[in-house]
Amino acid sequence: LGFVSNVTMETVPDYRYKKTSLILFPTMYQACDAAALLKESGSVNAAELMDRPSLRSAEMQGSVSGESGHPELDEIVRNFVCSIKSLDENAAALLIEICCDTEQELEARSAAVAKTLNDSPNKTVQDIVFTSDPLVSKYYWDIRKGLIPLVGGNRKRGSTYLMEDVATDVSRLASMGIDIK
């Protein structure tokens, strides 16, 4: 029998200014190389990797139907679904979020991220576009949050869905992800 007498929690600040981008890459290796560059640059607050099966699940997700009642979001959803439907089996995506205290810092960091990625050999499937629209950002994060049940539900009959947090150096992430498949 025991009890907790003291707890200290370190939380992440909820910045006022945020931009999000969902960036598609032709291969997992290019997405992971881009993630390594972004980590090195220190310009992003979050970078989430999604492989092709994850994107396929998002493609089939009911919330990607483009019928939200918000015309700008609906257009983004339709364009996103069209983009991911055309990807081959090696594709991957990075969901990136940048958070700052000021609009000026946010603009500078999002421009730095775009420049870092555009100057790298890791070419994206489409132009890098950041949004500060909370509806679009929520849509992107909802895709990410919904992946666990979607990917698990779409596995082949008789297969097992393994969900574990795995730690590796970002430079080895693509190889590890492909090997785990």
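## Aromatic cluster

Phe80, Tyr139 and Tyr140 are linked into a cluster by ring pairs; rings of Phe, Tyr and Trp (its six-membered ring) pair if their centres lie within 6.5 Å. The model is predicted: local features need pLDDT of at least 70 and side-chain atom pairs count only at pLDDT 80 or more, while totals for chains, interfaces and linings use all residues. Residues are numbered from 1 along each chain as its sequence is written, and side-chain values use heavy atoms, with hydrogens and water left out.

Three aromatic pairs are found in a search of the whole structure. The ring centres of tyrosine 139 and tyrosine 140 lie 5.8 Å apart with the planes at 50°, so this pair is tilted; planes under 30 degrees apart count as stacked, over 60 as edge-to-face and the rest as tilted.

## Burial of the tyrosines

Tyrosine 139 counts as buried at 6% relative accessibility, and tyrosine 140 is buried with a relative accessible area of 10%. Buried means under 20% relative accessible area, exposed over 50%, and partly exposed in between (1.4 Å probe, protein chains only).

## The sheet

An open sheet with antiparallel pairing is formed by three strands in the order β1-β3-β2. β1 (17–25) and β2 (46–51) each have a single partner strand and stand at the edges, so one side of each is left without a neighbour in the sheet. Strands (E, at least two residues) are DSSP runs, numbered from the N terminus, and two strands pair if DSSP finds at least two bridges between them.

β2 and β3 (residues 92–100) run antiparallel and are joined by six bridges. Leucine 49 has leucine 94 in β3 as its bridge partner.

Notes: Helix = DSSP H or I, 4+ residues; strand = E, 2+ residues; numbered from the N terminus.
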